[in-house]
Amino acid sequence: MAMYRAPLRDMSFVLRELAGIDDIAKLPGFEETVEVLDSVLAEAAAFAAHVLDPLNAAGDRAGCTWKDGEVSTPAGFKDAYRQFAQAGWIGLPVATEHGGQGLPQLLLGAVLEMWNAANVGFANGPLLNQGAIEAIELVASDALKKTYIPRLVSGEWLGTMCLTEPQAGSDLAAVRTKAVPDGDRYRVSGQKIFITFGEHDLTPNIVHLVLARLPDAPEGTKGISLFIVPKVLVQADGTLGERNDVYCAGIEHKLGINANPTCTLNYGEKSGGAVGYLVGEVNRGLEYMFIMMNAARFSVGIQGLGIADRAYQSALSYAKERIQSRDIAAGAPQPVAIFRHPDVRRMLMSMKAQIEAMRALAYVTAASLDRAQKSPDAAVRGERAAFAEFMIPVVKGWCTETATELCSTAVQVFGGMGYIEETGIAQQYRDVKIASIYEGTTGIQAADLVGRKLLRDRGASAAKIGADIAAFARTLDGEDADIVAIKIELERGVEALGATSSWIQASATRDLNAAFACSVPYLKLWGIVAGGWQMARAAQISVARIAAGDPEAAFYRAKLATARFYADHVLSQSSWLQHQIVNGSAAVMRLTDDGYDLDRRTLARV
Ligand SMILES: Cc1cc2nc3c(=O)[nH]c(=O)nc-3n(C[C@H](O)[C@H](O)[C@H](O)COP(=O)(O)OP(=O)(O)OC[C@H]3O[C@@H](n4cnc5c(N)ncnc54)[C@H](O)[C@@H]3O)c2cc1C
């Protein structure tokens with residue numbers, strides 16, 4: 001089974017040459033970034049390779065166990081978590097005043113990619129913990145901050161996000177968990193399902209961030225508040241006291257990510273209400289969750305990228321070892337490694353190119369989040385925030401859907417052995433699927449892109465980003481055949497974005513169903529064109545480096561070839577997606593109510 005090794009050279013190319021980490025490091029508060037960049041990346045790569053990767057397959061096989069409300073994680077996870085916390089990884093993006101290192105989101109993106117590639121079952125814990133820290137940091141009272149943040153940052157305790165209930169999945173307006181005032185705290189009762197790391201043996205306390213309703217709260221999204229509900233109550237001196245009334249009623253049997261527990265949590269079943277503390281103001285819980293969701297959605301997009309890269313590494317290594325069939329061009333009778341066959345190379349190149357595009361778009365989006373937060377220039381802050389807001393659903397939706405396709409391609413490279421668990425590639429295929437479901441399904445990301453990002457500002461952000469891509473495409477000049485081909489496809493892609501954005505806006509005034517019917521293809525179009533934009537930037541840089549006699553010319557030639565492949569095989573899908581959206585949206589709603597052309601009685605007779 002191939003081991004995961006972080007692609008440090010590729011990451012460094014994107015960080016430095018596309019996302020501009022040197023400029024990010026000049027922003028106030030990020031000055032230490034350049035100094036620590038290489039060591040952070042190298043240490044993260046070593047931790048991923050030597051601590052997390054060896055537990056990946058074993059954790060998947062062993063899974064978690066539930067007994068009488070207690071949950072055990074697979075062997076080795078507790079120790080890995082202890083090392084992870086001790087090394088200070090949890091505090092990487094957390095502000096220094098809260099005990100973190102205050103490093104940029106951009107650097108966090110690269111590190112998250114490594115954790116998720118090496119062991120997504122493990123990585124989910126810190127991912128959600130980070131959301132919990134942000135929520136408390138952002139809106140909680142000073143007393144709650146003081147009690148919880150230092151221990152969540154040190155890793156002594158782990159945070160969760162408790163949103164989902166049986167009747168409230170995509171639609172959180174349907175949340176029913178109750179919170180009743182009880183002096184200066186609340187009593188929380190109800191049930192949450194599907195809670196990642198809702199119960200475990202990694203830490204002695206678990207800090208649940210829970211969405212619940214006060215008795216007099218308005219219906220719908222405007223009546224939801226956010227609470228901290230610790231597993232064990234914290235005493236005035238900071239030590240752990242009584243067990244709180246939140247218990248794990250069971251864990252799910254899942255398709256993948258078996259190394260982390262997905263829990264059903266019952267609140268207030270034993271003593272009439274788990275003790276909870278209000279975070280921020282009443283009835284603003286969903287608003288707070290949405291602020292954090294940006295970071296969580298970005299992180300899940302990166303999760304898809306990481307798993308896809310791991311799958312690519314395995315497929316590449318297998319393709320070089322597996323001997324099968326003769327070389328069609330060489331004419332020699334001996335069978336060769338499947339890597340030599342053109343169709344296997346197509347599959348590998350397709351993976352490589354789309355992984356590079358996802359990485360580039362995700363890191364560039366992360367850099368925008370950093371500029372939106374720290375740039376001294378208000379106009380830059382506003383402009384970068386608008387870009388990041390627009391791109392987050394694209395990074396989440398497009399990266400996770402593409403990653404799912406790429407993991408399927410990786411299984412295909414393995415042939416029959418891919419379908420057999422022992423080669424390990426089946427695990428990536430199973431693990432990756434959840435990324436396009438949790439933190440908002442792709443349908444929800446696409447609805448956000450069309451509803452909140454495109455229609456709400458009447459297409460202003462879409463038009464601005466489209467104009468930026470078009471302006472860049474005009475700078476792609478010269479004789480290089482690859483650049484000429486890339487420019488043609490990028491310009492077609494921008495046209496498709498403009499045409500589909502206008503069509504959706506016009507349709508929305510007449511028929512909202514038609515406007516939303518192809519929101520997922522629209523999100524995909526944004527992904528492949530914005531990813532293609534970054535690949536074209538990489539190609540332009542590469543041509544200049546090669547011309548200047550760069551000692552790493554081979555690296556840049558490979559970048560150029562990959563960008564050309566992407567233009568012809570992926571970016572070229574823009575015209576097809578445009579057709580699908582503009583000409584095919586109406587047909588979507590023609591699915592008959594029973595899902596068949598014939599009614600069921602007729603079908604039964606057939
Ligand atoms: C392994 C795992 C871990 C999880 N971890 C957590 C966690 O830690 N915390 C937590 O709170 N939750 C967690 N979840 C829950 C997860 O976030 C939800 O499953 C997810 O948001 C989808 O909700 P649902 O399952 O109810 O699907 P539904 O909402 O029933 O959706 C079903 C389908 O309908 C579509 N759909 C629904 N509404 C719309 C709409 N308005 N427009 C277009 N399409 C729509 C969806 O896109 C989807 O295709 C986890 C789930 C799993 C499986």
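This is a predicted model: local features need pLDDT of at least 70, side-chain atom pairs count only at pLDDT 80 or more; totals for chains, interfaces and linings use all residues.

Student: How many aromatic pairs does a search of the whole structure find?

Tutor: The search returns 15 aromatic pairs. One of them joins Phe 13 and Tyr 556, whose ring centres are 6.1 Å apart and whose planes meet at 70°; planes over 60 degrees apart count as edge-to-face, so this pair is edge-to-face. The pair links distant parts of the chain, with Phe 13 in helix 1 (residues 8–18) and Tyr 556 in helix 17 (residues 553–569), 543 residues apart.

Student: Are Phe 13 and Tyr 556 buried or exposed?

Tutor: Both Phe 13 and Tyr 556 are buried. Another pair is formed by Phe 47 and Trp 115, with ring centres 5.7 Å apart and planes at 80°, so it too is edge-to-face. This pair also links distant parts of the chain, since Phe 47 belongs to helix 3 (residues 33–62) and Trp 115 to helix 5 (residues 105–118), 68 residues apart.

Student: What are the relative accessible areas of Phe 47 and Trp 115?

Tutor: Buried means under 20% relative accessible area, so Phe 47, at 9%, is buried, and Trp 115, at 4%, is buried as well.

Student: Which residues form one aromatic cluster with Phe 47?

Tutor: Phe 47 forms one aromatic cluster with Phe 77, Tyr 81, Phe 84, Trp 89, Trp 115 and Phe 122.

Terms used. Residues are numbered from 1 along each chain as its sequence is written. Side-chain values use heavy atoms; hydrogens and water are left out. Rings of Phe, Tyr and Trp (its six-membered ring) pair if their centres lie within 6.5 Å; planes under 30 degrees apart count as stacked, over 60 as edge-to-face and the rest as tilted. Helices (H or I, at least four residues) and strands (E, at least two) are DSSP runs, numbered from the N terminus. Buried means under 20% relative accessible area, exposed over 50%, partly exposed in between (1.4 Å probe, protein chains only).
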